[in-house]
Amino acid sequence: MNRFQTYRREWFSNIRGDVLSGIVVALALIPEAIGFSVIAGVDPKVGLFASFAIACVSAFTGGRPGMISAATAATAVLMVTLVKEHGLQYLFAATILMGVLQIAAGFARLGRVMRFVSRSVMTGFVNALAILIFMAQLPELIGVPVETYVMIAAGLAIIYLFPLVTKIIPSPLVAIVVLTCVAVFSGMDIRTVGDLGELPSTLPVFALPQVPLTFETLQIIFPYSAALAAVGLLESLLTAQIVDDMTDTGSNKSRECIGQGTSNIASALIGGMGGCAMIGQSVINVRSGGRGRLSTFVAGAFLLFLILVLDDLVRIIPMA
């Protein structure tokens, strides 16, 4: 298969499925990106701009079609001390260096070591992430109105039962639309996406980090950058392998390293934090019908469209 055929297959062989699944992922990315920004101790727009940039850039440069990359909890927790002690501009500088280290890992073909990771390690990784995701949701389940539990039950029912009716429209998208309408028209007093933080109202602006270009700066950011690069690549490559298994297709792990690095550099240059592949959103994407690079690009592009154009609608989506 020549390069043009590969490009066409990866981008346009599943247009309807990729567009619909990308929309589902974009809706799910908003509360997560805001939440991860809170974890890192930065403004919500830092996580939202990061998710937009990382998803869109990795759609072109990544090695695993259909995998979703954005701001993540795994990288956010490593940024807390740096932001607290040195400020946001040092985070942007550390994210750029993180990207450079990941690109270097790609050219060194370190992605090949993934073939030596055992099935038991991947199983443990997936189960641990499932537990962390569940634990992260617990605050939304404690001390909330009874209506919240009703909405959660209704959402789960739609997600698991709607595919029995039709699989043309992804069931998570149906759940979000239906439950938002129910919450609005019934006047339920439940938490919404707008309660998590203020959404950005302008496009991101290209800018270099405002830090001194000295060896002292390098000493400050390098330990954080190395840790971010390692954790980001580990989660990204494991997620890529999981998506490989789910779709019964292969992917270029070394290209994925380069793609992750490029995405993180792009994120920092528009005021975003570092990120990596997201196993939860990648699984949602695949199960909603996403297979190609178009799904990843749509997720990032529609995310930006949502927060800038449809922000009034996004704010009323129930957290449940």
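Hi everyone, let's start with Arg-64: this residue is buried, because its relative accessible area is 7%, and buried here means under 20%, exposed means over 50%, and partly exposed is in between, with a 1.4 Å probe and protein chains only. Before going on, a word on the source: this is a predicted model, where local features need pLDDT of at least 70, side-chain atom pairs count only at pLDDT 80 or more, and totals for chains, interfaces and linings use all residues. Residues are numbered from 1 along each chain as its sequence is written, and side-chain values use heavy atoms, leaving out hydrogens and water.

So, back to Arg-64. Its side chain meets that of Asp-244 in a salt bridge, 2.6 Å from N to O. This pair links distant parts of the chain, 180 residues apart: Arg-64 is in the loop between α3 (44-61) and β1 (69-71), and Asp-244 is in helix α9 (residues 215-247). For the cut-offs, a salt bridge is a side-chain nitrogen of Lys or Arg within 4 Å of a carboxyl oxygen of Asp or Glu. Helices are DSSP runs of H or I with at least four residues, strands are runs of E with at least two, and both are numbered from the N terminus.

Asp-244 counts as buried because its relative accessibility is 6%. Which other residue does Asp-244 form a salt bridge with? That partner is Lys-253, with the closest N and O atoms 2.7 Å apart. Lys-253 is buried, as is Asp-244. Put together, Arg-64, Asp-244 and Lys-253 form a linked network of salt bridges.

How many salt bridges does the rule give? The count is three. Another of them joins the side chains of Arg-293 and Glu-10, at 2.7 Å from N to O. Arg-293 lies in helix α12 (residues 293-308) and Glu-10 in helix α1, so this pair ties together parts that are 283 residues apart in sequence. Both Arg-293 and Glu-10 are buried.

Together with Tyr-7, Ile-15 and Val-19, Phe-12 makes a nonpolar surface patch of about 350 Å². Two elements give two or more residues to the patch, α1 (3-12) and α2 (15-40). Patch residues have over 30% relative accessible area and no salt bridge, with like charges joined within 9 Å and nonpolar side chains (Val, Leu, Ile, Met, Phe, Trp, Tyr) within 5 Å.

Let's follow α2 along. This helix has 26 residues and reaches 35 Å from its first C-alpha to its last, close to the 38 Å expected at 1.5 Å a residue; that expected span is 1.5 Å times one less than the number of residues. At Leu-29, α2 bends by about 30 degrees, and Pro-31 follows within four residues. The bend is the angle between axes fitted to the seven residues ending there and the seven starting there. After α2 comes Gly-41, with a positive phi near 80 degrees.

Arg-109, not a glycine, has a positive phi of about 60 degrees, and sits in the loop between α5 (88-107) and α6 (119-137). Asp-248 is not a glycine either, and has a positive phi of about 55 degrees. Its place is in the loop between α9 and α10 (253-269), where Asp-248 is exposed, with a relative accessible area of 72%.

Note on methods
Accessible areas come from the Shrake-Rupley method with a 1.4 Å probe; for residues, only the protein chains shown count as cover.
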